[in-house]
Structure formats: C-alpha cells, structure tokens
Amino acid sequence: MKVLTKKRISIVVVAAAVVICGVLAAVLGLGQNTAANEDVSNTGVVLDKNAEDFSTGITAETTSQAIKFPGYNDIEIDSGATYIPIVLLNPEGNPCLFKFEVALDDSTQPVFTSDWVEPGKAITGVELGEGLTSGEHKLNINISTLSLDGQEPMNGGRKSADIYIEL
C-alpha cells in the first residue's frame, strides 16, 4: 500500500509542477506581448481600432523581410452609394505596420485615412461622405509603412482600382 501511495503522490507532484510551469510560461508570454504593445504606443503610433483579423488562406513565406502589398480588383457599386467594399489588408507575415490613404480620381485630398494596421489585419470597407456620380472613377490607395516597433519608416507603396458606378 505504501508504494501505491508514494506513486500517487509522485504523480500529483509532477502534475502540479507541469501546471505551475504552464501558468508561469503564460504569464511571462503575456508580459512580453504587453511590452511590445507599450513600445508601439510609447512612440505615438495609434493602431486602427477598426482593423480586424483577416486571413486570405494563402500561406506566405515569413522568413523574408520583403514587404508584401495586396492587389485590388475593379469594383462595381450603385450610383449614390457611400460605401466602397474594399479590403485594405496588411498581409500576414509583413515586417511592418500599414497606414492607408484613399483618394478618388485626381484628387490629392484623401476620402479615407486609416490609423496603423498590423500584419494579418484589414479594414473591410471605406465609408465616403457622399455618393459618387455615375461612370468610372479611379480609387488611389497610398500605403505608408512603419517598422513593427513604431520606430522606422519603411518602403511604402501605391495601388489603384477602378470603380464603376452603375445607375
């Protein structure tokens, strides 16, 4: 009977040690993530609260430090619509934050400007102040980049998409 009791005690002690190690690892891991978020917020970088987790289902190579920019298809919307259904994505695995500025046609005034968007997140749709007239419009997307720690600007990009407004 004594051997069985010692065996039970040993199992309980090992299980308790595993649980304690797991809790300790989780606490230390959360502390590191919080510190990383504080580093970004200490730089004055504001993350976009409307950005949501977004997966394309495509697995990208994450060992590269190259910045991946999304492409955009043409968009069709109804005349007078004030919402453009576009996904402003910072692809997962990117080594930087994205900030999107969206302008129409030849205008230099953006109709939409995001805060910083983390890799693997996207803003799904742009709300305009007023509806667009019928015809074809050009949606110009300027993408600024910033290192993940919020310290260094990186190479940005420009993309565009045609918007077709139907009656």
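1. Ser 114 sits in the loop between S5 and S6. In this predicted model, Ser 114 has a relative accessible area of 2% and is therefore buried, the limit for that class being under 20%. The side chain of Ser 114 comes to 2.9 Å from the backbone nitrogen of Phe 100. With neighbours within four places in sequence left aside, the contacts of Ser 114 are Asp 48, Lys 99, Phe 100 and Ile 123.

2. The overall layout is as follows. The chain holds one helix and eight strands, and their order along the sequence is α-β-β-β-β-β-β-β-β. Helix H1 covers residues 2-42, and Ala 51 lies in the loop that joins H1 to S1. Of the 167 residues in the chain, 28% are buried. Among contacts with a separation of 6 or more, 72% are between residues 24 or more positions apart. The accessible surface of the chain is about 10800 Å², and carbon and sulfur atoms account for 55% of that surface.

3. An open sheet is built from five strands in the order S2-S8-S7-S4-S5, with mixed pairing. Which strands stand at the edges? They are S2 (75-78) and S5 (112-113); each has a single partner strand, so one side of each is left without a neighbour in the sheet. As a general point, strands of a sheet pair through backbone hydrogen bonds, in either a parallel or an antiparallel way.

4. Within that sheet, S4 (residues 96-104) and S7 (residues 135-147) run antiparallel and are joined by nine bridges. One of the residues involved is Cys 96, whose bridge partner in S7 is Ser 147.

5. The loop between S4 and S5 contains Asp 105. Asp 105 is not a glycine, yet its phi is positive, at about 50°. Is Asp 105 buried or partly exposed? Its relative accessible area is 30%, so Asp 105 is partly exposed.

6. The largest nonpolar core contains 24 residues. Those with the most contacts inside this core are Ile 84, Ile 86, Leu 88, Phe 100, Leu 139, Ile 141 and Ile 163. At least two residues of the core come from each of S2, S3 (83-90), S4, S6 (121-127), S7 and S8 (153-166). S4 gives the most, with five residues.

7. Ile 86 shows how the core is put together. Not counting residues up to four places away in sequence, Ile 86 touches Tyr 72, Ile 75, Ile 123, Thr 124, Gly 125, Val 126, Leu 139 and Ile 141. Leu 139 and Ile 141, both touched by Ile 86, are also listed with Ile 86 among the residues with the most contacts inside the core.

8. How many aromatic pairs are there? The count comes to two. Phe 69 and Phe 98 are stacked, with 5.4 Å centre to centre and 15° between the planes. This pair links distant parts of the chain: Phe 69 is in the loop between S1 (52-53) and S2, Phe 98 is in S4, and the two are 29 residues apart. Phe 69 has a relative accessibility of 28% and so counts as partly exposed, whereas Phe 98, at 0%, counts as buried.

9. Phe 98 also pairs with Phe 100, edge-to-face, at 5.8 Å centre to centre with 75° between the planes. Phe 100 is at 0% relative accessibility and therefore counts as buried. Through these ring pairs, Phe 69, Phe 98 and Phe 100 are linked into a cluster.

10. Ala 51 and Ala 122 are 71 residues apart along the chain, but their C-alpha atoms are separated by 4.9 Å. With a relative accessibility of 13%, Ala 51 counts as buried because the limit is under 20%. Beyond its neighbours within four places in sequence, Ala 51 is in contact with Val 117, Lys 121, Ala 122 and Ile 123. Ile 123 is also in contact with Ser 114 and is touched by Ile 86.

Terms used:
Residues are numbered from 1 along each chain as its sequence is written. This is a predicted model: local features need pLDDT of at least 70, side-chain atom pairs count only at pLDDT 80 or more; totals for chains, interfaces and linings use all residues. Side-chain values use heavy atoms; hydrogens and water are left out. Two strands pair if DSSP finds at least two bridges between them. Helices (H or I, at least four residues) and strands (E, at least two) are DSSP runs, numbered from the N terminus. A nonpolar core is a set of buried Ala, Val, Leu, Ile, Met, Phe, Trp, Tyr and Cys residues joined through side-chain atoms within 4.5 Å. Buried means under 20% relative accessible area, exposed over 50%, partly exposed in between (1.4 Å probe, protein chains only). Contact means heavy atoms within 4.5 Å. Rings of Phe, Tyr and Trp (its six-membered ring) pair if their centres lie within 6.5 Å; planes under 30 degrees apart count as stacked, over 60 as edge-to-face and the rest as tilted. A polar contact is a pair of N or O atoms within 3.5 Å; within protein, one must be able to donate a hydrogen and the other to accept it, and residues adjacent in sequence count only if both atoms are side-chain atoms. Accessible areas come from the Shrake-Rupley method with a 1.4 Å probe; for residues, only the protein chains shown count as cover.
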